Amino acid sequence: MNNASRFTRDQMAERVAQDIPEGAYVNLGIGLPTKVANYLPPEREVFLHSENGVLGMGPAPAPGEEDEDLINAGKQPVTLLTGGAYFHHADSFAMMRGGHLDICVLGAFQVSKKGDLANWHTGAPDAIPAVGGAMDLAIGAKQVFVMMEHQTKTGESKIVEACTYPLTGIGCVSRIYTDLAVLDVTPDGLRVRELAPGLTLADVQAVTAAPLLPASN
């Protein structure tokens, strides 16, 4: 499968942004999900939350306009929209745990066919296990979108029958966005919502370690 058949990381971010509705309160996880902020339609009001204590983030600042005191949970510089606020991280976690976030967008090492999420530790001997706020977000948000590459660098599927890494949350994932497809987690299993241009269900199934259901008509 060549790279021409894959969504780029920016295309993935733009695709996630399309599915975030007007008025939603959204947390963007560390890493790839932070790109989503740059693709939210300007006419759509969305409230971006960061677990270190920010609500009302805008897109990344222009080069040279960074404020070192205004960062997201991944320590990247951000902007603050009119009406935005920053506050103690204990208040931020109260928002997360209290069910006040409509959507969180997280990266992952593995997602199971039942929507179990593993995104904090691979068990590698040199890895630093740190779950951070991922567990609170995975369970506290009303919907969890996962945004990740479909396969590891060694070609193993990140979408699996059952997670082999330590779990962050059980049955918490609603939708998966990868460089090959958009998949919905349903009671019947993983259902294809969209495929990258030029790919068939068989193409994606061949590199997926869990069964995929065709898109609904």
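Visitor: Is C172 buried or exposed?

Guide: In this predicted model, C172 is buried, because its relative accessible area is 12%, and buried means under 20%.

Visitor: And what about C104, buried or exposed?

Guide: C104 is buried, with a relative accessible area of 0%.

Visitor: How many disulfides are there, then?

Guide: The count comes to 0 disulfides. For C104, the nearest cysteine sulfur is that of C172, and the two sulfurs are 7.7 Å apart.

Visitor: OK, new topic: pockets. What volume does the largest pocket have?

Guide: The largest pocket holds about 610 Å³ of space. Its lining is made up of 29 residues, and those nearest the centre of the pocket are I30, G107, A108, F109 and N119.

Visitor: What kinds of residues line the largest pocket?

Guide: Sorted by type, the lining of the largest pocket has 13 nonpolar, 9 polar and 7 charged residues.

Visitor: And the second largest pocket, which residues lie nearest its centre?

Guide: Nearest the centre of the second largest pocket are T34, A37, N72, Q76 and V78, which belong to a lining of 18 residues. The volume of this second largest pocket is about 250 Å³, and its lining divides into 9 nonpolar, 8 polar and 1 charged.

How values were computed: Residues are numbered from 1 along each chain as its sequence is written. This is a predicted model: local features need pLDDT of at least 70, side-chain atom pairs count only at pLDDT 80 or more; totals for chains, interfaces and linings use all residues. Side-chain values use heavy atoms; hydrogens and water are left out. A disulfide is a pair of cysteine sulfur atoms within 2.5 Å. Buried means under 20% relative accessible area, exposed over 50%, partly exposed in between (1.4 Å probe, protein chains only). On a 1 Å grid over the protein atoms alone, a cavity is a set of points where a 1.4 Å probe fits but cannot get out, and a pocket is an open set with protein on both sides within 12 Å along at least five of seven lines; lining residues have an atom within 4 Å of a point. Grid points are joined across faces, edges and corners, and a volume is the space filled by probe spheres set on the points. Ala, Val, Leu, Ile, Met, Phe, Trp, Tyr, Cys and Pro count as nonpolar, Asp, Glu, Lys and Arg as charged, and the others, Gly among them, as polar.
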